[in-house]
Each structure stands twice: as structure tokens, then as C-alpha cells.
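Have a look at the model first.

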Amino acid sequence: HLCADGAPVGNEDAMMFAGGVIGFVRQEGRVLRRLAGDMGSLTAQRVFQRAVGLVSLYFVVRHLSQTDFGQYQFAAVAVAAVAFMALPGLDNAVMQSVARGSEALYRRATRAALLGSLLGSVLLVIAAFVLRSHRPEAFLPLLVAAALFPAYTGLTQWKSVLLARTRFSVWALTESLVSLTTHGLLISAVLLDVQPLWIFVALYFGPGAVMNVFASGLCWARMDEPGDAAENDRLFRYGLGASAVTMVSMVAEQIERIAIFLLLSPAVLAIYLAGDRLSELVRSVAQDGAAVLAPRFARMNAYEGKVERAIWLICMVAGVGIVVFAFTLAPPLLILVFGHAYAPSIPFAQALLCSVAIGNVGQFQFRFIRSQLDAESFRTVTLWTSGLRIVAGIGLVYLFGVWGAVATVFLHRAVLSLLSSAVIRRRYRSATPEVGHG
């Protein structure tokens, strides 16, 4: 098939498409450059943090058996599963409050989160004693995690303050310092031939807990300007409500890992988590991008226009890159870090990376819904996706083992994207949406 000038029709279509993409990039260039600049600090920090983490993993996985490594990682899984007790919804409320010029919510939110995290420590102690007969090696690691839990999870509101003020470079610097300290200590423990697992757990959570105490003390001394009492009360209630919903979400995020640990074995959990490590790195970049946009989202009434188009373009390009990475560089990188004993993790890593590629847009859309303080939509999306993940995680892991866990992650990310997109179309496609704060 030829055009009038003799050129193939397919080539003309390709040229028109390329011209359209170039025109779009030029038109949206300013938005893209601004987003890229804001994301740069967070992405660089995340890459540095994960890179240092991979270096320490290189040492730790060769020092510990797969069973011990699974026990060590389960302490982190348990902490993540009960992190809802630190009322994480208040972090978003603090960020919204500071982004709108009020500082009065910070102290109130910090007190509430710290009290909740103390109750979370009690849950971890109870879990340690319940699992003592079934998995005795997990007892001391869980007790150490419980001791550090309040400072590690309950004093994180200072990060929301930095993000709300778009001080991404400061946030990135503190996170990098914590990461370097944490993984430096873990490598030192390996070189010193430390054996008790609870020491590795203490070294993993300790530096972050210390930084939270220090940074929270500084914020507490400086964040005391009065604000709109009615607005702060509304934000506080929203944060509490969001935390209640997030409880289901946080348990759901760990459910397949908990199921593998209890239904299969710690060694199998180690294999699965090795496969998930690379997808976790890539997924965190999308989460950082959503965090960068959160203050901007808070000032928007509709999800459309230049920001939406820029997000779609970035996610489309990133998705292709992730899939290519999954089937080219990911296998040798995983073997380099974890060793040949973890070669069975490769297909799991590739599948989980592909699941990230299909879920990036949903991450941004869901973050926009959260930024609108749309409690009803947030609750609907979270409860449906998390409930489905809990049921699927237990059932599919029981039936299909690790591949059941991979299928659960795919299902969760697909449903999150579909539901978030449906909410956006229904409520946030015009300048006067049904829900918003103007």
C-alpha cells in the first residue's frame, strides 16, 4: 500500500504518530520538566537507598541460610502488617494541613500516632508468643521489632511536613543517611560474623527509629503556629478515618507473605522476597512520583489537563522500560545480589516487575483521590481492593504456593487501577466535581 508520493502508508502513519508525540512533549515540556525536577531528588534517593540495600543483601544472604533469612525478613513483614496502629492516615492529613499553610495539626497528630504505635508494640509481643511454638526462631526478632516499633512507625509525621513544603532534597538527604547507616551496620555485622537474628533486626530498624526521634523533636519545637481550628479538626477526623481503612490495606499488602511464612516455610518466603526485591525498587519510584504530586493534587479540583497527560506519558514510557528490564537485566542482577541459590526467584521477579508496569497509572490516580480528602471514594477503593487481596492471598497461596502470591499481586494492582480510574471518571472529570475542597 503506497501513498500518492510512493511512500508506504505504514511509514506515513508512524511519522504522523512520532510527530504527534514530539508535539505533545513540546507542548507539555514545562510540566514534564517541573515534574522531572521534583521527582529527581526522590528518585535519586530511592535508587541510592535501594542500591545500598542490595549491597548489604549481597552480604546478608550469604551469611544467613534461606530459613534464617526468611525469619529475619518476617520481622519486617510483621511490622508492616501492624503499622496501621501508628495511624498512617494522619501523615496525609498533616501534609494537607501544612500544604494549606497551617502547622497546628502536627503536634496533635504526632501524639495520637505515638499512642497508637505503643498499642502496635503490644500486638507484636502477642504475635511473638503465639508463634513461639510454631516458629520459635521468630520469637526474639519479633520482640526486638516490638521494642523499636513506636519510634520507627509512630514518629514519621516530620516527613509529611518536608513533602508538603516541597523540600524534597532535605527529605532525600535524611533518608539516604538512614539507609547508609542501616546497611553499613548490617554489613559490619556480617563481617564480624554475628549470628543472632535479633541483632540483625535491631540494626535494621534502629537507625530509622533514632532519626525519627531526632527529627520529630526538631519539628515539635518549631511547629506551633495556630491555624483554622475547624479545618484542623476536619483533617484530624479524616486522618483517623483513613487510618481505620488503611488498617485493612496494610494487612492486605503483607497477606501473601504471611501466608507463605505460615502455610509453606521461611525458606520459601526468602525465595519469594528475593524475587520481589527488584519490583519493590521499581514500584517505589512510582510511589515517590505520586508523593511529589500530592501537594499539587491537594490544590486541584479535577484530574485532567496537562498533569494527567504528563502522567500517562511518563507511565507509558516507564512501563515499556520495566518490561524490557524484567527480561534482560533483572535475572543477572538478581543472581549477582542473591547468588545462584536464589535462581528459582527469577520467574517470580519477572512476573512481579510486569505487574508494576500495569499498575503505575493507578498509583497516581489513587494518590489524587487521597489528596482530595474524599473519604467515601478512598474507603470504597481501599476496602474492595484490600478485601479481595486478603481472600485471594490466603486462598491462592494455599492452592498454588508462591505462584498464587504472584497472581494475588497482579489481581490487586489491576483492580486498584480499574477502580481508581472509575472514581476519577465519575467524580473528577470536570472543574466542579462532586467532591472537592475548592
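## Aromatic contacts

One aromatic cluster is formed by Phe-69, Tyr-72, Tyr-152, Phe-200, Tyr-204, Phe-205, Phe-338 and Tyr-342. The model is a predicted one. Across the whole structure, a search finds 13 aromatic pairs. The table lists two of them, including Tyr-58 with Phe-59.

| Pair | Centre to centre | Between the planes | Type |
|---|---|---|---|
| Tyr-58 and Phe-59 | 5.6 Å | 80° | edge-to-face |
| Phe-129 and Phe-139 | 5.0 Å | 80° | edge-to-face |

Take the pair of Phe-129 and Phe-139. Phe-129 belongs to helix H5, residues 105-130. Phe-139 belongs to helix H6, residues 139-154. The pair therefore ties together parts that are ten residues apart in sequence.

Is Phe-139 buried or exposed? Phe-139 has 11% relative accessibility, so it counts as buried.

Phe-139 has another contact. The charged end of Arg-132 sits over the Phe-139 ring, 4.1 Å from the ring centre.

Now the pair of Tyr-58 and Phe-59. Tyr-58 has a relative accessible area of 36% and is partly exposed. Phe-59 is also partly exposed, at 29% relative accessibility.

Which residue lies over the face of Phe-236? Arg-108 does, at 4.0 Å from the ring centre.

Definitions and conventions
Residues numbered from 1 in each chain as written. Predicted model: local features only at pLDDT ≥ 70, side-chain atom pairs only at ≥ 80, totals over all residues. Heavy atoms only, no water. Phe/Tyr/Trp six-rings, centres within 6.5 Å; stacked < 30°, edge-to-face > 60°. Buried < 20%, exposed > 50% of the residue type's maximum accessible area, 1.4 Å probe, protein only. Helix = DSSP H or I, 4+ residues; strand = E, 2+ residues; numbered from the N terminus. Lys NZ or Arg CZ within 6 Å of the ring centre and 35° of its normal.
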